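My entries follow the order in which I got curious.

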Amino acid sequence: MEHRLHLLVCAGTGCVANRSFQIKQKLEQEIIKNGLQDEVKVISTGCQGFCERGPVVIVKPGDIFYQQVKETDIPLLVEEHLLKGRPVKKLMYKPSGKEPPVQKMMDIGFFKHQRLIVLKNRGRLDPENIDEYIGFDGYLAMEKALATMTPEQIIEEIKKSGLRGRGGAGFPTGLKWEFCRKAKGNLKYLVCNADEGDPGAFMDRSILESDPHLVLEGIIIGAIAIGASKGFIYVRSEYPLAVKRVKIAIEQAQDYGLLGDNILGTDFSFSLDVIQGAGAFVCGEETALIASIQGQVGRPRPRPPYPAESGLWGNPTNINNVETWANIPGIIQKGSQWYSSIGTENSKGTKIFSLVGKINNTGLVEVPMGITLREIIYEIGGGIPNKKEFKAVQTGGPSGGCLPKQMLDLSIDYDSLTKAGSIMGSGGMIVMDEDTCMVDLAKYFLKFTVEESCGKCTPCRVGTRNMVDILEKICSGQATLDDLDKLEFLAKTVKSTALCGLGQTAPNPVLTTLRYFRDEYISHIVDKYCPALVCRDLIEFYVIPEKCTGCQRCVSVCPTGAITGPRSQPHNLDKDKCIKCRACYEICRFDAIAGDAIRIKSGEEA
Amino acid sequence: MNITIDQQEIDVPDNITILEAAQLNDIYIPNLCYHPQLTPYGGCRLCIVEVEGLRGYPTACTTKVKERMKIKTKSKTLNDMRKEILQLILSDHPSGCLLCDEQEECSSNQVTIRKVGATTGCRWCPNDQDCELQKIVEYLEIKQIIFPVYYQGFPVETEDPFFDRDYNLCIYCGRCVRICQEHRKSEVITMNQRGKLTTIGPPYDLTHIEGGCEFCGACVSICPTGANFEKSRKWAGPPDSYEPSFCPLCNLNCDLQVLVKKNKIIGTLPPGDPHLSGGDLCVKGRFCINELINYTQREMTPKLKRNYGYQLMSWEKSISEVRDILKNLDGEKIAIYLSPELSLEELTAVKIFSSEVIHCSNLTSSIINNSLIKLVQLSTMNIPVKDIEKADCIISIFLNGNYNYAPVTLAVKRAAERGVPYYQIGWFNDTTSRFTERQIILKPGKEKSWFKKIVNHVDKGGSASNEIQELIRVIKVSPSPVIILGHQFIDLSEGVEMLKLIKRFIELTGAKIYVSLPYGNLLGLLGVLKIRHSVDVEKLWEQNEIEVIYSFGDLPFSKRPPVKYIIHQSSYPPSGDIKPDIIFPTPTWGETDACYVDDQLIIKKFKKVVNPPENLWSCLDILGKLAQEMGKDSGKFKSTEIMKSFPEQIKLNLPDLKKVKKEKIYSPDSDYPYLLIEEVTKNRFLNISINKTSEGFDMILPQQVLIINPNDAEKLGLTDYQTVIVKSRNSSKVYPLKIRTIIQPGFIYLITDEEKPVFETNPCPVHIRRQNV
């Protein structure tokens, strides 16, 4: 029976965490209460991408976009919109204070500038239902590949499309497939690498959660092209929803004869399994991933031999990232010409980024290659909150680099990012404002790598630790300029000599910050001054007596009792007791005159 | 293949790495984690090179050469980066011995490492002066470390026998882990944790014994630093020389090299580069020989028993004392007991002495019994050990490879890993069990009937259990099946019958066989002398027909036989209550030239590696002097003369089997639910058990201790080292208990140092309970 209205409730991880399941339940209750159950249907969908504003509900037709919906808003929404046909302004997206609310999804800046290929089904289908995927032309590309194309033609098509690996290094996918197809061996494996471990990245997770069949279809096409008979999806077990949905998808595909023996009545057979990783960052490296699937400790081994020659149990293995696989069906269905018309000369198609950090519109965005950083950050991301100044953007997570303001007009593609000292990576994009100390940031990422280093090779195991030591020294004001040279040479040595990608890219945050923010390092070392007022050993907290009204809010939050003073009189801050936790600074509201009454000083000032 | 290394054009074989190509041409590239036997690891990153056309700095140990490759192994950049990397390694590794200003003076003045270490606190690495790091530091000319030193503060691990581990010295090259895994196929140790927290050891904090370590010492040999070190020579420093030799502790007579320092044997290693080879010996050859030779209670002076105790004597006096006893005695009143570890020289000397000087034919050895004779007969069909690996189906019967027969178990493991089906029949869990297709555990008390059934099935096609059918199927489809026979069952009461059945089985299936024989020179003993069955000689002294027992390292009696006089000639003291009337100390292994007969009946020779302690006469000297005193020609006892009388080809001279009284063998029942298997230890040298000379060996394979499977122990509520009473139908004994997985559930394993099994039958159904409960 046809429904008058469809309500799409986002069931991506972000919205689920904000009670979107409960919202769906409540919606259904209210609809029944109002007797609308035959007219209105509620569907839970995959991630919409605009996680900042979750939970998200879209009403179709009309694409009315509701955001930050609470359970208490439901009765109003049902009554006003569903019964009376009056969209609820209160729940719509407002770009900034004065502008009017935006009604339609595609009018929102966040969505307007995106170009959806991989995420084309986002928010419009139920990821746990294969029929919906098929309804949106799902598995047509696979059928086409199986029925009308030879493996060589498929590979040729992928090669012509210019698709490059979305996992980070950007190796041409078609070429990789060709190597594996031509490798000697009867048994060949495919692996879908969903071991997404960068802090702040959730592209692969989101794709698997919102459109698992797209990935499956891509893998099956790959299997046809390469001649593989067995595949694995390696997902970290921190992604329970992705694991669950992929498993459901595999089961459904099996039931429909899209996986298993004699697929669609041909003599092509292919089976797929899910392997759950234990959450080691290094297992995203392909040889470590292979070791992990084989049941060994996830430690990389030297290449060559590449997995295409000798991968899982010594057999030729092709490993691609989730996003790469998800690009395949579109290319096969619409042709390489269509695909290669998007993007730049050497980087084709689109790329998904998870836009996080000091940015208004946190979320998942898919943009064509060649777009500038400025467009992503300002037009899609809506700029920096709280009127702060943009300082840098980190692409590629702990393996990537920090790009400064002057790079804002950099075109986003593999080559320009590499040239700028960063990497595309799997697509994490962390935006930082003026409150971020670049030395501290480099230290943060490096500490992550130290934790995640497998410990096999010396440069990564010991080198990164020593780099952290030097950074600590700089942050605490104990370093000399010699240390800076030492740090730079060590970073270069680690980059040139580490065994695997993890170690080779670990120094990138340090090297790029040294390249673009050297002043900040020098200021830490020479002036003992942290410009962002972050490094604890270089800052001190003061109460500005002229501004303090003695409201005692800071007294109540200070964990060490460092702030004292009677009500209505300027407070005292005992520096010996102060642990620089920033709690007082955050809570002080007397910016009415000219800034906070609590001030942080650093360097000479202090 | 033509390549260029450092502008030097060279021809190298295909399919080798840059590092191997460089080594073949004497071009040095520093490396620490490379090992020729192991898969390239690429961990230390010191062997980075520059290759034209390749991005970055590939490691020489992992990159294969290609036609016309242009390689640069030396450049400023490479050198700077290598220095940086080595400094990183050193920042994790105490480096007082590497970089101290006083280093040179210190090493010339130091008396022992120990002493300096105790005084200054810096020289405490057992690997000092024998350390790969030291060599590379010298090569890269590192004078200081620019990074802060990071001392991990791990406690030194000393609880396991034979070697200590100080992981503060570890540089994580992973050689120990890899040799254990790849070469030895034991997989005992691994890298635990990750990153800077990485530690090396058995997983889950197990001890090495619990982790199934065989103590082959491979990890110790190939450690480039002092992180793994032998307890026994920890502070001895590098040896003066490495002397080739072979192991006397079982019939395989594995080749080994002896480490000699200041005329003392300080250790043994497998042949090859001492820092690279390892894993081919068992614990006995690797660690126990050294402790055996340096056993503190060795006999050093001739002694005479007086009523107040032993009196030390000069050689001349004690020999004339013996002469007086032997001179007027009928030779047939003497019984000569010989150890199967005596060298061919000693055995030949005894032969001459017994036939020409004292005219005695009562030569025997306490180890000679029906099963052993039968086993030796079977062993004449032995294939060489290295051929085991070529089999396409392997069946081991009663093989207990724990701490034993490393070359055999290694061959089995290698073959099984290649996919050769391997079946293990018996009661033991050993290092090969993990590789089995199926482990066939014989029903307690039904061992003989199982063999009967399988022979019957092959012979007449009678009905048989599934496992027998499967086994026969596998053997039948294999062109060259190999059966490996362990010797651990020869003490069973029905050993001879089972051996007969096994022989029949082999004949019927056409399988090849390898019998593992105990005792270093058993075949020499049986090949040179006409040995009598021990039962015959025993009968003689039981009937008071013997007045003197002359023992050459073979004195196994649990109480003193009824004879007037016992002469004990050995390097080791007699056990317990048998107080011999005279003791002649002799040099032990390594202190005289010695020839042994190996499992292929080939005479192996080795020169002595150290001089015997002062005041020790060799067996040849003693017998020569005795002959002279008794008015015979002593010239025949000169070693040159003795060597001349060695047979060209060893022909075994086996005594006939003797009828023995048959005991009824019971199966376990509800009253006596466990089956006790006894084994008289074969881990011995002359008259001493290795358990006595090596504390470590007693830890891993305890003697006079009941070994029980953890499952049974749990069922009975027993824990390690409890004292338990073992009761059979006719006897009852008390033993301490040790829980180990080396024995299957339902069985109890007892290794004794007695002459014969202690309980009425072997195996024997028993029940056990805690004492005082």
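Before anything else, a note on domains: their bounds come from an automatic or database domain assignment. I also wrote down the ground rules: this is a predicted model, where local features need pLDDT of at least 70 and side-chain atom pairs count only at pLDDT 80 or more, while totals for chains, interfaces and linings use all residues. Residues are numbered from 1 along each chain as its sequence is written, chains are lettered from A and ligands numbered from 1 in the order in which they are written, and side-chain values use heavy atoms, with hydrogens and water left out.

**Entry 1: domains**

I looked up chain B and found domain 1 (2-74), domain 2 (75-151), domain 3 (154-294), domain 4 (303-366 + 548-629), domain 5 (371-515) and domain 6 (674-770). I picked domains 3 and 4 of chain B, whose C-alpha centres are 35 Å apart. Contact (heavy atoms within 4.5 Å) links 18 residues of domain 3 of chain B with 17 residues of domain 4 of chain B. Buried area is the accessible area, taken with a 1.4 Å probe, that two parts lose on being put together, summed over both. For this pair I noted about 1,500 Å², with carbon and sulfur atoms giving 64% of it. On the domain 3 side, F246(B), P248(B) and N263(B) lose the most area to domain 4 of chain B, together 36% of what that side buries.

Chain A is assigned domain 1 (5-112), domain 2 (130-339), domain 3 (350-433), domain 4 (438-527) and domain 5 (536-601). I checked domains 2 and 5 of chain A, and their C-alpha centres lie 55 Å apart.

**Entry 2: a sheet in chain A**

Helices (H or I, at least four residues) and strands (E, at least two) are DSSP runs, numbered from the N terminus. Two strands pair if DSSP finds at least two bridges between them. In chain A, 4 strands make an open sheet in the order β2-β1-β3-β4, with mixed pairing. Which strands stand at the edges? They are β2 and β4 of chain A; each has a single partner strand, so one side of each has no neighbour in the sheet. Neighbouring strands of this sheet are turned by 20 degrees against each other on average, direction ignored. Axes here are lines fitted to C-alpha atoms, for helices over the stretch in contact, and angles run from 0 to 180 degrees between N-to-C directions. Helix α2 (residues 20-33) of chain A packs on the sheet, where it touches β1 (5-10), β2 and β3 of chain A, and its direction makes about 170 degrees with that of β2(A).

I zoomed in on β3(A) and β4(A), which run antiparallel and are joined by 3 bridges. There, V59(A) stands opposite I64(A) in β4(A).

Next I followed β6 (residues 230-236) and β7 (residues 271-277) of chain A, which run parallel with 7 bridges between them. Y234(A) has I275(A) in β7(A) as its bridge partner. The chain goes from β6(A) through helix α11 (residues 240-255) of chain A to β7(A), a β-α-β crossover that is right-handed. Right-handed means that, with the strands pointing away from the viewer, the path from the first strand over the helix to the second runs clockwise.

**Entry 3: what is hidden**

My cut-offs: buried is under 20% relative accessible area, exposed over 50%, partly exposed in between (1.4 Å probe, protein chains only). In helix α12 (residues 370-379) of chain B, 9 of the 10 residues are buried, so the helix is largely enclosed by the rest of the structure. What covers the buried residues of α12(B)? The cover includes β19 (481-485), α16 (495-509), β20 (512-515) and α17 (522-528) of chain B.

T395(A) lies in strand β11 (residues 390-395) of chain A and counts as buried at 1% relative accessibility. Leaving out residues up to four places away in sequence, T395(A) touches several others, including L417(A), I423(A) and M429(A).

Most residues other than glycine have a negative phi, and most peptide bonds are trans. I found a cis bond from G54(A) to P55(A), with omega near -5 degrees; P55(A) sits in the loop between β2 (40-45) and β3 (57-60) of chain A. Another cis bond joins N762(B) and P763(B), at an omega of about 0 degrees. Q68(A) has a positive phi, near 45 degrees, and is partly exposed at 36% relative accessible area. H359(B) has a positive phi too, near 55 degrees, and is partly exposed at 48%.
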